[in-house]
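The following exercises concern the local geometry of one protein model. Please work through each task before reading its solution.

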Amino acid sequence: MPGDFLSALKQRPLLFDGATGTMLQRLGLKPGGCPDELSLKNPELVKKVHSLYIEIGSDIVTTNTFGANRLKLKEYALEGRLNEINIAAAKCARQAAGNKFVAGGLGPTGSFIEPVGDMEFDAILEVYTEQANALKQGGADLFIIETMMDIKEMKAAIIACKSTGLPVVATMTFDETMRTVLGTPPESFAIMAESLGADCIGANCSLGIEGIYKALSAMSRVVDIPLIAQPNAGLPVLKGTETVFPASPEDMAAYVPKLVEIGVKILGGCCGTTPDHIKKMGDVFKSLKPAERKPHGFTALSGRTSYTLFGAGLPAIVIGERINPTGRKVLAQEIKEGKTTGIRNEARQQTEAGAHALDVNVGVPGIDEVEAMRKAVFAVNENTSLPIVIDSSSPEAVIAGLKACDGKPLINSISGEEKKLSTIMPLAKEYGAALLGLTLDDDGIPETAEGRLKVAEKILNRATKIGIRKEDLVIDCLAMTVSAAPLSAIETLKAIRLIKEELGLATVLGVSNISFGLPAREVINSNFLTMALAAGLDCSIINPNNKAMMDAYHASLVLLNKDIRAERYIKRHQAMAAQSAPQEAAQVQAAPAGIADKLKRAVIQGDEENITSLVDEALKEGWDPIKVSNDALVPGLEEVGRLFAANKYYLPQVMLSAETMKKAFARLKSEFGERKGPAIAKVLLATVEGDIHDIGKNIVSTLLENHGFDVIDLGKNVPSSKIIEEAVKHNVDIVGLSALMTTTVLEMDKVIKELKERGIKTMTIVGGAVVTKEFSEKIGADEYGGDALSAIEKMKKMVKAVKA
């Protein structure tokens, strides 16, 4: 046995293997069939690949199990052999590796977790737990979760792998914009993965070594744990009938010192890399001294597409408090009825007002708080990019929020009370959350700052004991009502200073309680906020829509030299000045929003809850169904496209808008009758033979339908003969082909050639992760798809050009 992986990682740089698929092809493997089944059908071939990497110095080889999870194996009717396949793969790797490490490889399931997709978090967690246990049984020393695109799927995979007790390495794949397909930047992933207990994180696939360096540089700025780089050998190009990765072993080796400088402790390769690449890179890598990295010390929260840092001298942040039914009858009633309109509105408004994270509380008596929290978190995730603060005293509701949220949240709250320490605190460890700790215990709230310091120290000691980092604990020194306890404000400010000086912890405060029972409360609140910020407060839980509070917050940052050159302060006031005069005039003259604007806004905001009633409203006003579609719904979806192109929206928002459109069209369908206009065009979609990846194709299919196209979706792993046959049968205008794997892209060339040879007059468009514009031109496709919304616009132009 090779010894302890984590000890080895601390002692020296470690070399992973390179591409498995590339090497299997070189050794004669033909495309098609289930590659994960090779460990059963041809174990010697798999062992040969592992041995080639061991021979050139790899410290770790990866099992041939990238798609050996239940959902992927089901595509080949092999789900019943899951344990057999994973155990055999681990044994193959072990036999070849000898005293080197074996990493159990896990890849994406091909499904999105709700609300982006229809899979439940627990179902995906079960899928990964099943595979991880089988790999451990087969002899894996650690896990590598790779090529992931969905941050929530990554969360499930890390939790599953950690449950086995083995170390976990986790990598996501990013494009040239430094985002995943679903819009996650490297920083958001890194913050979440570190908090979940991943032992090493990084990036693989999609990019060459320069792109991987950029992604890892971003990660190194927000986390302290070791990094792994697994670049492709450049971006693939087509040479003759062969897909070639252009980066040579020497090219990639020359870039290795830069990777070491930013904290890379494990180096390997992805698509196109061979033993030659890994040897050349490894020789340089192992000759260099690993970079020394200092702890950042700040607290970090993340959502799917953004992140927030505070503490350790960084500017204080604002946590929006408005998603809370306490004292708010309308919001409480909505939550009782299972509606989320008010929550969605509050999320957007607080984001626009300048909040950095949003507190989510659904504590209404007599409701199912677990389901209410789940729906509320989904609603907030869909309407803002900000991290979430899960606010509940119910462990079950907290768990629901932790599973529903994207990224790394803050749990509000625990305290020094034994019940909270034993029930809520372990959830933060398991699900990768930061903790808000109240300075009260079983004896109540200490009157003095020193007493609150002792409670904070007790919470810190318990957190440290179960492996929660100091940076993931934020202490609330508790603002008591000064009208009842005149010295309480002084003690709270003193406690903030003590806790920061003695324990080095970040602090948070719900400010508004200080003024309870007094007139002109915002005067006291805003002045107390200023004093607290001066004392070192790191987070304020306030209403960001309150101008006085936000004025105090921004002015304090300037005065405390936390807003360099007063840039944030000036920018805010310029924006306010630009809006105020014209807005006041507009408010006097503007008519209430008409039904067209309401429908358009519902599509843009993905308001599935209200879209059907708005369509009904339009129909009652006498609108023709086609007018509802053309004058309100489609313009809304077009605006979503513009927001996506401007990187203001990402695929989760796009898909939500598409689902909203579906609901609207479902309502209109019965009204159309014979009056429904012709489709823009008829499009056939297929993932080519040998490829079972269809996420991108499915997204395009949904969007095409919403844009008025008639879609024939043949699914995945479709033979060229079937594509030709269906194209002729349906007399389609466009054939859209998708492929994710370098081993299958040439099937596109085959299909396009057959279409031309048979004289079938249809246009073609191609897309997929490894497909480039140059490749599409080379194989004679009429268009290169690019991202999903670009593909839609290109197909519209293709049809328009033909009809012109």
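The model is predicted, so local features need pLDDT of at least 70 and side-chain atom pairs count only at pLDDT 80 or more, while totals for chains, interfaces and linings use all residues. Residues are numbered from 1 along each chain as its sequence is written, and side-chain values use heavy atoms, with hydrogens and water left out.

**Exercise 1. Helix packing**

Task: Describe how helix H11 and helix H12 cross, and state which residues meet.

Solution. Step 1: identify the elements. Helices (H or I, at least four residues) and strands (E, at least two) are DSSP runs, numbered from the N terminus. H11 covers residues 249-261 and H12 covers residues 275-287.

Step 1: Axes are lines fitted to C-alpha atoms, for helices over the stretch in contact, and angles run from 0 to 180 degrees between N-to-C directions. The two axes come within 8 Å and cross at roughly 35 degrees.

Step 2: assign the hand. A crossing is left-handed if the near helix is turned anticlockwise from the far one by less than a right angle, and right-handed if clockwise. The crossing of H11 and H12 is right-handed.

Step 3: list the contacts (heavy atoms within 4.5 Å). From H11, Pro249, Glu250, Met252, Ala253, Val256, Pro257 and Val260 take part; their partners in H12 are Asp276, His277, Lys280, Met281, Val284 and Phe285.

Step 4: classify the residues. Ala, Val, Leu, Ile, Met, Phe, Trp, Tyr, Cys and Pro count as nonpolar, Asp, Glu, Lys and Arg as charged, and the others, Gly among them, as polar. The contact of H11 with H12 then divides into nine nonpolar, one polar and three charged residues.

**Exercise 2. Aromatic rings**

Task: Characterise the aromatic pairs of the structure and the charge placed over the ring of Tyr213.

Solution. Step 1: apply the criteria. Rings of Phe, Tyr and Trp (its six-membered ring) pair if their centres lie within 6.5 Å; planes under 30 degrees apart count as stacked, over 60 as edge-to-face and the rest as tilted. Two aromatic pairs are found in the structure.

Step 1: examine Phe5 and Phe101. Their centres are 5.6 Å apart with 85 degrees between the planes, an edge-to-face pair. Phe5 belongs to helix H1 (residues 5-11) and Phe101 to strand S3 (residues 101-106), so the pair links distant parts of the chain, 96 residues apart. Phe5 and Phe101 are each buried (under 20% relative accessible area; exposed is over 50%, partly exposed in between, with a 1.4 Å probe and protein chains only).

Step 2: examine Tyr213 and Tyr255. This pair is edge-to-face because the ring centres are 5.8 Å apart and the planes stand at 75 degrees. Since Tyr213 lies in helix H10 (residues 209-220) and Tyr255 in helix H11, the pair ties together parts 42 residues apart in sequence. Tyr213 and Tyr255 are both buried.

Step 3: The charged end of Lys258 sits over the ring of Tyr213, 4.7 Å from its centre.

**Exercise 3. A buried lysine**

Task: Is Lys697 buried or exposed, and what are its contacts?

Solution. Step 1: locate Lys697 in helix H28 (residues 695-706).

Step 1: read its accessibility. Lys697 counts as buried because its relative accessibility is 4%.

Step 2: list its contacts. Leaving aside neighbours within four places in sequence, Lys697 touches Leu685, Ala686, Thr687, Asp713, Gly715 and Ser738. The C-alpha atoms of Lys697 and Leu737, 40 residues apart along the chain, are separated by 8.3 Å.

**Exercise 4. Backbone geometry**

Task: Describe the peptide bond from Glu114 to Pro115 and the phi values of Ala77 and Ala566.

Solution. Step 1: recall the background. Most residues other than glycine have a negative phi, and most peptide bonds are trans.

Step 1: inspect omega. The bond from Glu114 to Pro115 is cis, with omega near 10 degrees. Pro115 is placed in the loop between S3 and helix H7 (121-138).

Step 2: inspect phi. Ala77 has a positive phi near 55 degrees, and Ala566 likewise has a positive phi near 55 degrees.

Step 3: Ala77, in the loop between helix H5 (70-73) and helix H6 (82-97), is exposed at 64% relative accessible area. Ala566, in the loop between helix H22 (547-559) and helix H23 (567-589), is buried at 16% relative accessibility.

Conventions: Lys NZ or Arg CZ within 6 Å of the ring centre and 35° of its normal.
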